[in-house]
Amino acid sequence: DRMKIMLIPLVTLFFPFVKVMPSLYRWRVRSRIYRWYRELEELDPIMQKDEIWVSLEESLERLNDIEKQVSQISIPLGYREELYDLRMHIELLRKKLARASS
């Protein structure tokens, strides 16, 4: 009987933790993807308000490095769509930089 009484406060403390875990997990997985968007923004000429901080060649080189690192990200299958979106955005930025260089 005493053991059952002791379990009630423990379960009460454990319940909110169980509710928070899926959100925390989702945030952790997505953070592996979304952190790369900040770097893409730094390379985007439009985001720089037409002030190009580095040469286009350096930007393309950095973009290649980002793409290489992104290809090594391992995430659960349920979050692959967001990873593919990131890869599409990398390709769009590559095309934008290529147009700017010509």
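Let's start with charge. This protein carries 18 positive and 16 negative side chains, and the centres of the two sets lie 11 Å apart. Lys and Arg count as positive, Asp and Glu as negative; His and chain ends are left out. Each charge is placed at NZ of Lys, CZ of Arg, CG of Asp or CD of Glu.

A word on the model. It is predicted: local features need pLDDT of at least 70, side-chain atom pairs count only at pLDDT 80 or more, and totals for chains, interfaces and linings use all residues. Numbering runs from 1 along each chain as its sequence is written, and side-chain values use heavy atoms, without hydrogens or water.

The fold next. Three helices, zero strands. Helices (H or I, at least four residues) and strands (E, at least two) are DSSP runs, numbered from the N terminus.

Now the pairs. How many salt bridges does a search of the whole structure find? Five. The cut-off is a side-chain nitrogen of Lys or Arg within 4 Å of a carboxyl oxygen of Asp or Glu.

Take Arg 30 and Glu 82, bridged at 3.1 Å, N to O. Arg 30 sits in helix 1 (residues 2-43) and Glu 82 in helix 3 (residues 80-101), so the pair ties together parts 52 residues apart in sequence. Glu 82 is buried at 16% relative accessibility. Arg 30 is partly exposed at 29%. Buried means under 20% relative accessible area, exposed over 50%, partly exposed in between (1.4 Å probe, protein chains only).

Next, Lys 96 bridges Asp 44, with the closest N and O atoms 3.0 Å apart.

Last, Glu 67, Glu 91 and Arg 94 are linked in a salt-bridge network.
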